[in-house]
Amino acid sequence: MDTTQSVVEKSAIKKVAIRLVPFVALMFFINYLDRTAISFAGPNGMNNDLALSAAQFGFASGVFFIGYILLEVPSNLALHKFGARRWLARIMVSWGIVSLLFTWVGNVEQLYILRFILGVAEAGFFPGAILFLSLWVPSKHRSKILALFYLAQPLTTVIGAPLAGALIQQHGVFFGLEGWRFMFFGVAIPAIVIGIAAWFYLADSPAKAKWLTSEEKTWLTGALEKEKKETAASNKHVSVRTVFGNGRVWMLSLIYFGFIYGLYALGFFLPTIIAGFEGLYGTKFDVFQKGLITAIPYLPAAFALYFWSKDATKRGVRTWHIALPALIGGISIPLALFAGSPAATIAVITITAMSIFAALPNFWTVPTQFLTGAAAAAGIALINTVGNLAGFSAGYITGWLKDLTGGYTVPMFVVGGFMLLSSILMVTLSRQRKASEGIPAEALDPQGAGHHAEP
């Protein structure tokens, strides 16, 4: 690479990181806050007002993913056909309108229906965002870009939990609404506003970006097209039809299932666990303080995500960048049950959160190394669909087991078991690739596209 090309490359990637990633990350921030708002509403009035058991709350949390899963793959294929700008904007405005309706939910049946419809409305957003960003940068820069995007998820809780607590405290202040109802109102409006803005702000490809110079457009378009041809040539058998029978795609789906099971078990039930500190340890916290405590694990998780992904970008994503965090998370989460104090419990849960978020952005660099075009859209959506089955099962099974056993011991061991399974499967996938392609262990990148660390 000559000096001129190097300067153009750095400039192009920097502009994508500054102009595009923060906006898509903001969309993701709002997306995750809207889908997890129920976790803050539940222990702060909603469960009592709607007379929900733990299993009913878990089902309401998880039924979102049934609607989400049904339309995930079709939605991502539509994004590929119609363009990310239009489709992501459409998704966001749709879910914002549905989120607004939670303000007036009156019983458990309405709650189930709205959660299901919210899943239908949001279907395709996350895999669409992953695919969209992957189409803007070559593979060697992808880990960095996806890490910056993924920072929005832990920061949603860091910022969103205290924000939700503050909104819930406005009980009866606005329109006479209960605090938890006003919280739903407050987090729904930004989705509609930003969704409309996305229609005008986003561009579907580097060639259509007015904020890139002609040299930057030429370099990005050329690099991406070259990579696309190389990937397609080495994976000729992978098409939209065959992606559903591709063993590697299904293995990645199961790996992602374990991560999402851990993520949503924490996301939906951590506020409830914190609310239970009063009975266990005699502590007393108001709603805003509970929101701050809920946020504690996620700030270190954001740092872990950033620096772990930075190392992955430097070395090339290796198997252990994904498998090791899964192993640590799987071991740590059951240990939180035996911590003995609120501070120790939150400390152990922090380790779990750090582990999950360190692995996720690096995981998402893998599918686009052997899938392109519509096959990439279908493959990423399929992985996300199977993974998000955990979104339903984590909420429902955790609540059901809590009701059955009277505590969170068994549910948290189940969470740890699924994360350990993800670690084992990631190592297995890597070894299968080594065996089939004859790649030495020290040279293998799980992406399988030549993005190796320097010796």
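## Close-up views of a predicted model

View 1. Val415 has its place in helix H19, which spans residues 409-437 (helices are DSSP runs of H or I with at least four residues, numbered from the N terminus). The model shown is predicted, so that local features need pLDDT of at least 70 and side-chain atom pairs count only at pLDDT 80 or more, while totals for chains, interfaces and linings use all residues. Residues are numbered from 1 along each chain as its sequence is written, and side-chain values use heavy atoms, with hydrogens and water left out. Val415 is buried, with a relative accessible area of 0% (buried means under 20% relative accessible area, exposed over 50% and partly exposed in between, for a 1.4 Å probe and protein chains only). Leaving aside residues up to four places away in sequence, Val415 touches Tyr261, Gly262, Ala265 and Ile333, where contact means heavy atoms within 4.5 Å.

**View 2. Two loop residues with positive phi.** Most residues other than glycine have a negative phi. Ala51, in the loop between helix H2 (46-49) and helix H3 (54-70), has a positive phi of about 55° and is exposed, with a relative accessible area of 60%. Phe175 has a positive phi near 60°; Phe175 is found in the loop between helix H9 (152-168) and helix H10 (179-201) and is exposed, at a relative accessible area of 67%.

**View 3. The aromatic pair of Phe28 and Phe126.** The structure holds 31 aromatic pairs (rings of Phe, Tyr and Trp, the last by its six-membered ring, pair if their centres lie within 6.5 Å; planes under 30 degrees apart count as stacked, over 60 as edge-to-face and the rest as tilted). Phe28 and Phe126 form a tilted pair, with 5.4 Å from centre to centre and 40° between the planes. Because Phe28 lies in helix H1 and Phe126 in helix H7 (residues 125-134), this pair ties together parts that are 98 residues apart in sequence.

**View 4. Arginines over tryptophan rings.** Arg85 lies over the face of Trp199, at 5.0 Å from the ring centre, and Arg90 lies over the face of Trp87, at 4.4 Å from the ring centre (a charge sits over a ring if NZ of Lys or CZ of Arg is within 6 Å of the ring centre and within 35 degrees of the ring normal).
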